[in-house]
Amino acid sequence: MNESKPVLIVIGPTASGKSACAVDLASEFDGVVINCDSMQIYRDLTVITARPDHVEQAGVPHRLYGILDAADPCSAMRWRDMVLVEIEEAHRAGKLPILCGGTGLYVKALREGLSPTPEIPDEIRKDIRERALSEGPEVLHDELSALDPVMAARLNRIDSQRVARALEVVTATGRSLSDWQDDIAEPAPDHLSFYTLSFLPEREALYDGINTRFNEMVERGALEEVKTLMDRNLNPNLPCMKALGVPDLIQHLRGEIPLEQAVTNAATKSRRYAKRQVTWLRRQIISDILINEKYSETLRGKIFAFVREKLLTP
């Protein structure tokens with residue numbers, strides 16, 4: 001039987017201070033900070049994703065930050081495979097792996113696994129999506145009823161996106177999407193013991209930080225960063241092109257809106273995203289320690305005591 005190995009997860013919405021907390025923890029407990037943010041994995045956007053820069057990463061080891069090109073999309077399962085390697089490397093080196101980020105789906109994929117998602121040929125996807133627009137979702141739902149009555153019964157006839165997805169899957173694989181969803185997902189290895197520290201600040205405190213964040217990002221070079229990305233003419237559906245603030249700054253760079261409006265729009269979307277993050281984390285993540293405020297040095301004693309007691313005491 002493998003010896004149990006601790007893994008600390010520091011999770012929270014944008015602007016909750018989780019990155020600073022992870023660095024303090026790594027400094028105190030000889031840890032390695034491992035990224036679990038779906039946007040900070042891309043090297044193209046350092047400023048606008050608030051990714052730790054070279055100076056911030058110099059103090060303690062950081063892994064999986066800025067390792068992929070914007071044209072190379074990352075999925076939750078791909079990240080899971082990479083992070084398991086980094087966790088093993090940290091344990092082998094005698095260090096504490098500290099996962100830090102706000103992408104709850106990544107944490108869920110690591111701890112619980114995800115149901116396998118079938119690959120859909122491009123021609124099938126394109127055909128069905130075009131038909132959804134030209135013929136309407138009701139026609140597709142009728143077709144789905146004949147091929148996959150179980151999923152058809154679950155879905156609203158006018159829910160174009162979900163009906164199209166279910167029809168794609170059964171057309172491409174011959175199996176109902178419900179069968180794919182029922183497959184047992186592979187959880188994390190048994191020898192890993194996870195402990196989760198969640199920051200879920202009150203809304204006003206969170207929003208105050210978000211409201212000033214994009215102005216600071218623009219001052220630090222976010223506009224130039226996005227222009228470099230825009231000039232590559234990448235597929236607009238790539239995850240990196242949808243990162244918070246990127247579409248708004250692209251609108252400004254194209255002369256469609258003034259910079260002030262782009263910053264305001266980005267901040268508004270960030271507040272909405274943070275709200276969804278908090279709601280999702282409260283419902284989906286079971287925390288070993290929950291802190292309803294932004295991270296600050298005054299919390300170090302409480303957090304460090306938790307780590308010493310739960311993770312480092314045999």
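**Close-up views of a predicted model**

The structure holds 21 salt bridges, a salt bridge being a side-chain nitrogen of Lys or Arg within 4 Å of a carboxyl oxygen of Asp or Glu. This is a predicted model, in which local features need pLDDT of at least 70, side-chain atom pairs count only at pLDDT 80 or more, and totals for chains, interfaces and linings use all residues. Residues are numbered from 1 along each chain as its sequence is written, and side-chain values use heavy atoms, with hydrogens and water left out.

**View 1. The salt bridge between Arg78 and Asp72.** The N to O distance in this pair is 2.8 Å. Arg78 is partly exposed at 29% relative accessibility, and Asp72 is partly exposed at 28%. Buried means under 20% relative accessible area, exposed means over 50%, and partly exposed lies in between (1.4 Å probe, protein chains only).

**View 2. Arg131 and its salt bridges with Glu135 and Glu143.** The closest N and O atoms of Arg131 and Glu135 are 3.2 Å apart. For Arg131 and Glu143 the N to O distance is 2.7 Å. Arg131 lies in helix α5 (residues 122-134) and Glu143 in helix α6 (residues 137-147), so this pair ties together parts that are 12 residues apart in sequence. Helices (H or I, at least four residues) are DSSP runs, numbered from the N terminus. Arg131 is buried, at 17% relative accessibility, whereas Glu135 is partly exposed at 39% and Glu143 is partly exposed at 29%.

**View 3. A network of salt bridges.** The residues linked in this network are Arg43, Asp44, Asp69 and Arg232.

**View 4. Helix α12 (residues 246-253) and its buried residues.** Val246, Asp248, Leu249 and Ile250 are the buried residues of this helix. Their cover includes α11 (222-230) and α13 (259-284). Just after α12, Gly255 has a positive phi of about 80°.

**View 5. The largest nonpolar core, of 60 residues.** A nonpolar core is a set of buried Ala, Val, Leu, Ile, Met, Phe, Trp, Tyr and Cys residues joined through side-chain atoms within 4.5 Å. Ile48, Trp79 and Leu99 have the most contacts inside the largest core. Helix α3 (residues 76-92) gives the largest share of this core, 7 residues. Neighbours within four places in sequence aside, Leu99 is in contact (heavy atoms within 4.5 Å) with residues including Val7, Ile9, Ile34, Cys36, Trp79 and Leu110. Another core, of 24 residues, lies apart from the largest one, and among its residues are Cys21, Ala26, Phe29 and Ile98.

Note on methods:
Helices (H or I, at least four residues) and strands (E, at least two) are DSSP runs, numbered from the N terminus.
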